[in-house]
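Colleague: Could you take a close look at one loop in this model and then follow its surroundings outward? Please keep it brisk.

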Amino acid sequence: MTMFTAHEVKLEVFEGPLDLLLYLIKKNDLNIRDIPISRITADYLAIVEVLKDLNLNAAGEFLVTAATLMQIKARALLPAPSSEAEEEMDPRANLVERLLEYQRYKEAAKHLEQKLQSHKDVHYRGAPLLADGDYTMEASLFDLLDAFREVLENLKPRVREIDSEDVPLEVKIKDILGYLADRPYATFKEILTRERTRRALISTFLAVLELIRLRQIVARQMESFGDIRVYRAEALPRELTVEYATAEAEPTPAAPLPDEPPPPTEG
Amino acid sequence: MERDERRKVLELLLWMTDRPLKPAELLRVLGDDAPLEMELRDDLAQLGRELDERQSPMQVVEIAQGYQLASRPAFSQWVRRLYKEKTALRLSPSALETLSIIAYKQPLTRGEIEDIRGVDVTGVVETLLERKLIKIVGRKEALGRPLLYGTTTDFMRQFGLRSLDELPRLDELIPSEEAAPAAPPVDAAPAAVNAAGDNPEAPHA
């Protein structure tokens, strides 16, 4: 109903509840380790009210922290905790820790930004791996399905019937990434025709889809209905940028990858 | 192979490559003519000085644990013109924060990033993936097997990092008013590593 979603409305100033708290602490010249909780809670809630008016969804994230603040405030009114165990659970200490940690990352981000600024004028060569013509369209799911169907039909009928064991998707994923690791690209058919059984073929197809979804690989075509080439996302020349990716040594993920296969396929 | 010639070969290799070459790779290419790694690094330093003396528009850069030739900043505008200005990387503060969390704590999941930032980071992570500053490095062996993210070689190149160790230690990154927790902030402390006197007052735009 509202024109903006929480995602679209960028709260440039305070990105989240922690930013807001840090802002209030800073503005009031307070010490993080010694926040006057009633005051900060009041200030915080006042701003959250405004946020609610502006943007309904974003306020949700802020309300969680508001609850924490009020919990801290309530505790402050009670007698001091008796046991040490209770002390450790102190939501206030917890919040302070989070703020301090978050603040460190904000500093780290500033440091990174300086690095970025000081290196923005240094350019690296990116030897294009491909001809200009390769900068074209990304193959659609239908292109992939069509090529898949063709390969499936061309499987030798006898072979097609052998019902081999299921090949786990993650095995295929590693296999494909491994295959792409030492070449600039492979054609989609080339990847498929490495398989001899129907099941393995299906697994491979699903693995390709999953890798595309995860942006680990990209399938491209030079022309409509043309051959589909599959590139490792990192080996892909970026259009009009100077820096190119990287034949990194370890393209294969450490832990086995996905197991939930993407939706529809059987051809 | 004479040292002079070896330097020429190295210059050629660093010019040809589109990614930083690690010393081990250079040694492998040199094969029988490979010197000790120490000498190799020496040659590379010497090559760097040569390019300086020659006032070459290129420089030897040690980056992402390897070496590569790069343009000198003074010549940046020409590269930009060649590539129609599309060379600058711009990141929002939230993207930078998310990136720094990943750089320090990798590999980690989106949920772990959100725990630190206190906000949803789905969109930001997508952007960073698109810019190839981060990549998926695996899945965490935990409930739901969430994806794990880490930084890329491109990240190191864009930010001019030789290695991740070059990042300042997190506990050194203490904003000034925190350095003296007991005392009121006033002018408390050495703002440490983070020189450039950026004003922490304004959440950078």
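Modeller: Start with Lys132(B), which sits in the loop between helix H7 (122-130) and strand S3 (134-139) of chain B. Keep in mind that this is a predicted model. Lys132(B) is not a glycine, yet its phi is positive, about 60°. As background, most residues other than glycine have a negative phi. Is Lys132(B) buried or exposed? Lys132(B) counts as buried because it has 22 C-beta neighbours inside 10 Å, and the cut-off for buried is 20 or more.

Asp29(A) is not a glycine either, and its phi is positive at about 60°. Asp29(A) belongs to the loop between helix H1 (17-27) and helix H2 (37-54) of chain A. The surroundings read differently. Asp29(A) is exposed because 10 other C-beta atoms lie within 10 Å, where 12 or fewer is the limit for that label.

The helix ahead of that loop deserves a look. H1(A) is followed by Asp29(A) with its positive phi. H1(A) itself is mostly covered, with eight of its 11 residues buried. Among the buried residues of H1(A) are Leu18(A), Leu21(A), Leu24(A) and Ile25(A). Pro17(A) and Asp19(A) are on that list as well.

The largest nonpolar core has 59 residues. Which members touch the most others? They are Leu21(A), Val60(B), Leu99(B), Ile102(B) and Tyr149(B). A second, separate core of 24 residues includes Ala147(A), Leu169(A), Phe188(A) and Ala207(A).

Beyond its neighbours within four places in sequence, Leu99(B) is in contact with Leu128(B) and Leu133(B), among others.

Phe159(B) is placed in the segment after helix H8 (153-158) of chain B. Phe159(B) is buried because 26 other C-beta atoms lie within 10 Å, against the cut-off of 20. Its C-alpha atom is 9.4 Å from that of Ile63(B), although 96 residues separate them along the chain.

Ile63(B) falls within strand S1 (residues 58-63) of chain B. S1(B) and S2(B) run antiparallel and are joined by six bridges. Val60(B), one of the core residues named above, stands opposite Leu69(B) in S2(B). The strands form a hairpin with two residues between them, and Ala64(B) takes a positive phi near 45° there.

How many residues of strand S2 (residues 66-71) of chain B are buried? Six of its six are. Gly66(B), Gln68(B) and Ala70(B) point one way, while Tyr67(B), Leu69(B) and Ser71(B) point the other way. In general, side chains of a regular strand alternate between the two faces of the sheet.

From Leu69(B), step to Leu12(B). They are 57 residues apart in sequence and 9.3 Å apart in space, C-alpha to C-alpha. Leu12(B) is in helix H1 (residues 3-16) of chain B. Leu12(B) is exposed because it has 11 other C-beta atoms within 10 Å, with the limit at 12 or fewer.

One more backbone point in chain B. The peptide bond from Gln106(B) to Pro107(B) is cis, with omega near -5°. Most peptide bonds are trans. Pro107(B) is in the loop between helix H5 (93-105) and helix H6 (110-117) of chain B.

Now the chain as a whole. Chain B has eight helices and four strands. From the N terminus, their order is α-α-α-β-β-α-α-α-α-β-β-α. Of its 205 residues, 32% count as buried. Among contacts in chain B with a separation of 6 or more, 46% join residues 24 or more positions apart.

Finally, confidence. Chain B has a mean pLDDT of 82, and 81% of its residues reach 70 or more. Residues 177-205 of chain B have pLDDT below 50, and this stretch has 39 contacts in the model beyond near neighbours in sequence. Where pLDDT is low, the predicted coordinates should not be read in detail. The model scores ipTM 0.72 and pTM 0.57.

Notes: Residues are numbered from 1 along each chain as its sequence is written. Chains are lettered from A and ligands numbered from 1 in the order in which they are written. This is a predicted model: local features need pLDDT of at least 70, side-chain atom pairs count only at pLDDT 80 or more; totals for chains, interfaces and linings use all residues. A nonpolar core is a set of buried Ala, Val, Leu, Ile, Met, Phe, Trp, Tyr and Cys residues joined through C-beta atoms within 7 Å. Two residues are in contact if their C-beta atoms, placed from the backbone, lie within 7 Å. pLDDT is the predictor's confidence in each residue, from 0 to 100. Two strands pair if DSSP finds at least two bridges between them.
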